[in-house]
Amino acid sequence: MNSSTNIRTHYRACNLCEAICGLEITVNEDNEILTIKGDEKDPFSRGHICPKAVGLKDIYLDKNRLKQPVRRTESGWETISWNEAFDEVASKLKSIQAQHGKDAVGVYQGNPSVHNSGTLLSAPAFLRVLGTKNRFSATSADQLPHHFVSSLMFGHPLLLPVPDIDRTDFMLIMGGNPLASNGSMMTVPDVANRLKAIQKRGGKFVVIDPRKTETAKIADQHIFIKPATDVYLLLAILNEILTLTPSPSPTERGATHSDELSPLSRRGVGGEVVSQLKSAIKSYTPEAVASITGIPSETIKNLANDILTAKSAVVYGRMGVSVQAFGGVCQWLINCINIFTGNMDAEGGAMFSQPAFDLWGRAKKGENYFNRYQSAVRKLPEFDGELPVSAMGEDILAGGIKALFTVCGNPVLSTSNGTQLDTALEGLDFMVSVDIFINETTRHANIILPPTTGLEIAHYDLAFHNLGIRNTAKYSVPLFEKDNNQRHDWEIFEEIKNRLTSEEGAEIPTPKNPEEKLAMAMQFGPYGKDGLTLQKLKDNPHGEDLGALRPCLKEKLLTDNQEINIIPDLLLNDLERVNLNFQKLLKDSENTKFDLQLIGRRHLRSNNSWMHNTERLVKGRDRCTLMIHPETAANRGIVNLEKVQIESRVGKVEIAVEITDEIMPDVVSIPHGFGHARKGVQLDVAVAHAGVSLNDLTDDLLIDELTGNSAFSGVPVRILR
Ligand code: SF4
């Protein structure tokens, strides 16, 4: 931290979303925040920030924010001491597990958990002690297909390819809206300028989406696609590519990266693998899928040709592609297209980052991460120690989960069939939440343990440097010291873990700061030999640039034979399910009362289900609207801003319509994260801008049956008038 006169300037990373933007914050002698701006000297974000960054000040000052533990009583919430809270939590968890077994305590970890290095470094030991198989997280309501496919093809769930956006000549974005998300499963601050830079250097980018998103509006081309049919578009593109290049080989794309892809070469890309794949997908021609996807065959052929002929190209599929019935197959096909066009692990294609804190460095080769146990009711498969979150509500209602521990998450608003989960939480014997707010989920908790947050914590982004489109490293010290009465996340996890493991009456050990683990990991990580240490990062709060991505997959592969598994059996076999669905869509004979398809959307000013309690981010026109195409509205006699009821299999909400040709006919869209008008929520600003919850309509029974990921895209709904 610099200081001049009475004004201090503090540099740090914003940990609200994946972009890890550098911030420059000025504070006066009374510790009042004067300004929050982008840090021009941050080598990654280059001065970029989004409107949410200023929200960090609002969170810090939020009068609804908890700073001390609270306990729910019949007459309301009462403040209790940390000691009392820790004792009660540990004793209740112990007694429930003693009576009903380890799995009787469930855990839900929300998205902010991965934006907090203290949580990432200390929660695993706590979870090991808890020892429950009933672990859930936001992963299976979002990006599980990415991890699933990476584990099968590359040998580790975190070996995730990211678009080399700074060097690509052609980028196909499917189901993603980076201008609103600021990059997702790709850490890419200042994404708008990076996309425009593709165009400036003579390349182009194309967006495929049922909605003309903010990103689509600046793209070279936007193509509407019927919701949840991306798998057929991808099959047709891959089929076309394999047909146009009968023996595609990485070497055809130039010698630069052929050596790096030797695992592929050894398998003989042009031989057995291609024939097997070709034969499995040959019926999905551009002509065959045109009516299903709503995309003319010529357009599909042009896309395949664009990918093939660009000097470098990358296909990137995000949320809309993952959260559908074939999310796993979609992510596999995307990897296949990038591989067979020579763009995997190649400059300008899909590459792998090399973070200073190597998350997979000590992982075992050939590890199985899938289906080692199943959920209680529907027998949905586990992945990497977690069960699909779609099963959480029904498994609580079935009685197997008696207590729940939630960490920085709001699954009542962010997981499918939130109403069912809301009911399930009411019936728990005990619930504890690590959270700073009494929100739609934590209002059910018996005890809430509020950690420090944002400007009060030290931060190194363990998760998102792993998805960086450039290798960088940055460490932030806290801007404000916590009060004596506050606790960091890592202190909370350590305290409860220590109480769970200590003998009755024994002295509870003092929590250990996980910073030591970070320092060790840096020292022995990929850049340690070049002198990168935690101290060096502390001395340079703008962050270190570690260079552009470089081909490195060969050395990272963790499959048992250290080759890319291009056609994993699980994915190949899932094509049967894809085909059955295709036949069903072709017949189009299903007589359903639900004649519209619902999709979600994300706003730049929202952060999933939170950040609505900051006035500056929610003020202005109502953003929680039902987007509907003029034709679809006219057919039903609906006028702009009229309130309608919309119904799905699981629920009904009332919402104002926004008539716009930015959405396809027969598709409607509601933004996710709203729905704050539930009894007992203590979020004054958010409740005033409550909106409705998309997830009171999404259906917990709609999932990708292979991976277990929730299928939010294309939920059947109808409008009631
Ligand atoms: S884009 Fe994300 S990281 Fe950057 S300022 Fe906004 S919220 Fe923070």
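Reader: Which strands does helix α2 (residues 82–100) lie across?

Author: In this predicted model, α2 lies across β7 (105–109), β17 (403–407), β18 and β19. It runs at about 120° to β19.

Reader: How do you know that β18 and β19 pair, and in which sense?

Author: Two strands pair if there are at least two bridges between them. Strand β18 (residues 430–434) and strand β19 (residues 447–449) have 3 bridges, so they pass that cut-off. The sense is parallel, and V434 has L449 in β19 as its bridge partner.

Reader: What is the order of the strands in the open sheet of 7?

Author: Reading across, it goes β6-β5-β19-β18-β17-β7-β8, and the pairing is mixed.

Reader: Why do β6 (76–79) and β8 (135–137) stand at the edges?

Author: Each of them has a single partner strand, so one side of β6 and one side of β8 are left without a neighbour in the sheet.

Reader: Where do the domains fall?

Author: The domain assignment gives domain 1 as 2–64 + 454–483 + 519–548, domain 2 as 164–351 + 559–574 and domain 3 as 590–720.

Reader: How many residues of domain 2 and domain 3 are in contact?

Author: Contact here requires C-beta atoms, placed from the backbone, within 7 Å. By that test, 19 residues of domain 2 are in contact with 20 residues of domain 3. On the domain 2 side, the elements that give two or more residues are α5 (178–181), α13 (319–322), α14 (327–340) and α22 (569–587). By class, that side has 9 nonpolar, 7 polar and 3 charged residues. The C-alpha centres of domain 2 and domain 3 are separated by 29 Å.

Reader: What surrounds the ligand, and how does the shell divide by class?

Author: The residues around the ligand are C14, L16, C17, A19, I20, C21, I49, C50, K52, A53, N182 and P189. That shell divides into 10 nonpolar, 1 polar and 1 charged. Cys counts as nonpolar in this scheme, so C14, C17, C21 and C50 go with the nonpolar group.

Reader: Last one: how many helices and strands does the protein have, and why is it called as compact as a globular protein of that length?

Author: It has 25 helices and 29 strands. The radius of gyration is 25 Å, close to the 27 Å that the globule rule gives for 721 residues, so the protein is as compact as a globular protein of that length. Along the principal axes, the C-alpha trace spans about 70 × 65 × 55 Å.

How values were computed
Residues numbered from 1 in each chain as written. Predicted model: local features only at pLDDT ≥ 70, side-chain atom pairs only at ≥ 80, totals over all residues. Helix = DSSP H or I, 4+ residues; strand = E, 2+ residues; numbered from the N terminus. Contact = placed C-beta atoms within 7 Å. Axes fitted to C-alpha atoms, helices over the stretch in contact; angles between N-to-C directions. Domains from an automatic or database assignment. Near = placed C-beta within 6 Å. Rg over C-alpha atoms; globule rule 2.2 N^0.38 Å.
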